[in-house]
Amino acid sequence: MNITRRQVLWAGGAIGAAAALAACSDGGSPTSSASKAADDSKPKKGGTLRIGALGRAGAITRDPHGTQGNESDYLILALTYDTLTVPGAKPNTKPRLAASWEPSADLKTWKFTIAKGAAFHDGTPVTADDVVWSLRRLRNTPSGAARLPGIAAKNITAEGTDTVVLVSDYANAELPLLTRLTTFVLKKDTSDKELDKAPGTGPFKLDWYRSGNARLVRNDSWYGGIVHLDAIEVTMFETPQAMANALFAGQIDVASNVGAVAARTAASRKDLQVVRRPNDMSMPIVMRTKSGPFADARVREAMRLVADRDTLVKQVLSGYGTVANDIMGTGDPNYAKSIPQRKRDLARAKELLTAAKFDLSKTYDLVTTEDIAGLAESATLFAQQAREAGIKINVVKQESGTFWDKTWLKGDLYTTYWGTNDSVVFFASKTLVTEAGQNESGFADTEFDATYRKVIGTADEAASGSALTELQQIEYDRSGYLLWGMADGIDLAAAKVSNLPKLPGYGRVQLESVWLA
């Protein structure tokens, strides 16, 4: 199992298995009527929220900088430890442990100021030394280069007691955005043996943790604002079905990322609400660009023209998703809607395959897993569609561990998935620039790299926006991604639960503002 991949997937809540089959009971509105009724009331203090989250006993971890192979573990960590910044709607990056940040004129040096009153759960004030130690620890993990791109550990320093200085190898106007995901802060010199009980800085404190299950109690001294709930109890479930059954039986109050089947059942019950998160998960097909049968850009274009996107969304996502356009980061406010939607064109696909001298006599393996519902189904349906262009594809299903060890980052043709629908820049930095630590297709394009540096290298919104459109055009034209659609995420909750977060990805684990009616 690959550490870098699992970390990012879980940070985005990707393995909420049935999120790929998310449903909505009211034809597209974010919440059901039960939810709206609860949200209209005034916040009330008190009560315990019982939430279910997916996980497996064999993947449990307590290290905030390690592999979060369970959504349950990530939820617990995100409530007890704060990151420097967090996702928002507008703007898409908001303060958390870092109250503010300021770049140098050349956008290489960034100074983050720690929020006033920030303290660990044992009452110890958070200092710049704690943050520096934590970020260096994060940077020195196997996936550190992907988590803090362009920032060497030695270039993370303290200035006084409340300012942290990050020096980038290159100009990066988007650095605050890239600190939202895994920059959890621990006390300086916390040993690995102390992680089980290490105090965090978040809105909840750990009361107890047992085999993936936990009880968290309110941190009354949290610097970030009012926390309404007395406690949150997290229960780990290995399947969405078991979690949904627990909700229907009244054993939990929230079933996180539970899926279409359960949502349809909930739609008929007035005591339950459906919370939908549009554009929550991508399940692209990856084509290796560095070598192999898909190295020719004309072949990749043909593959994209083969896809019947409407049918894929309708059948694989049960209609609870949207057609995508081969550009990662569809939730970005600056997503290039001006680029025409790619449509199925078998005639043009055949022309491109002929021009590229693609060998249609061979059968090509499309490797997939059943990690999330719909993933293997998308591979099977695409293979059927490709045959109409004369492309013979054999779908190979691999066990999860084998897939991430043997196929991911290496295969010629495989499915992948991302549960954090972050910005275009996020995916460019993580998966598309030549040096990206999770470059899934082996994409190495000098024009793309140069354009990416133009995007992040200026604070001028007009110049950055123009370059960002150019970047997306290159990705659309010749990257290794065939992104046919975006799945909706879905939570089910008791009617009494109010103010559940509606942001996709990491944003949905921010439960500090939830309250019980």
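I looked up Phe112 first: Phe112 is buried, at 2% relative accessible area. My cut-offs, with a 1.4 Å probe and protein chains only, were buried under 20%, exposed over 50%, and partly exposed in between. The model is predicted, so I took local features at pLDDT of at least 70 and side-chain atom pairs only at pLDDT 80 or more, while totals for chains, interfaces and linings use all residues. Residues count from 1 along each chain as its sequence is written, and side-chain values use heavy atoms, without hydrogens and water.

Next, I listed the aromatic pairs and got 14. Rings of Phe, Tyr and Trp (its six-membered ring) pair if their centres lie within 6.5 Å; planes under 30 degrees apart are stacked, over 60 edge-to-face, the rest tilted.

Trp101 is partly exposed at 22%. Trp101 sits in strand E4 (residues 98–103) and Phe112 in strand E5 (residues 109–114), so the pair ties together parts eleven residues apart in sequence. Strands are DSSP runs of E, at least two residues, numbered from the N terminus.

I then checked Phe443 and Phe448. Their centres are 5.6 Å apart and their planes at 75 degrees, so I noted edge-to-face. Both Phe443 and Phe448 are buried.

I also found a cluster: ring pairs link Phe403, Trp404, Trp408, Tyr414 and Tyr417.

Last, I looked for charges over rings (NZ of Lys or CZ of Arg within 6 Å of the ring centre and within 35 degrees of the ring normal). Arg62 has its charged end over the ring of Tyr209, 4.2 Å from the centre. The charged end of Arg342 sits over the Tyr476 ring, 3.7 Å from its centre.

Conventions. Helix = DSSP H or I, 4+ residues; strand = E, 2+ residues; numbered from the N terminus.
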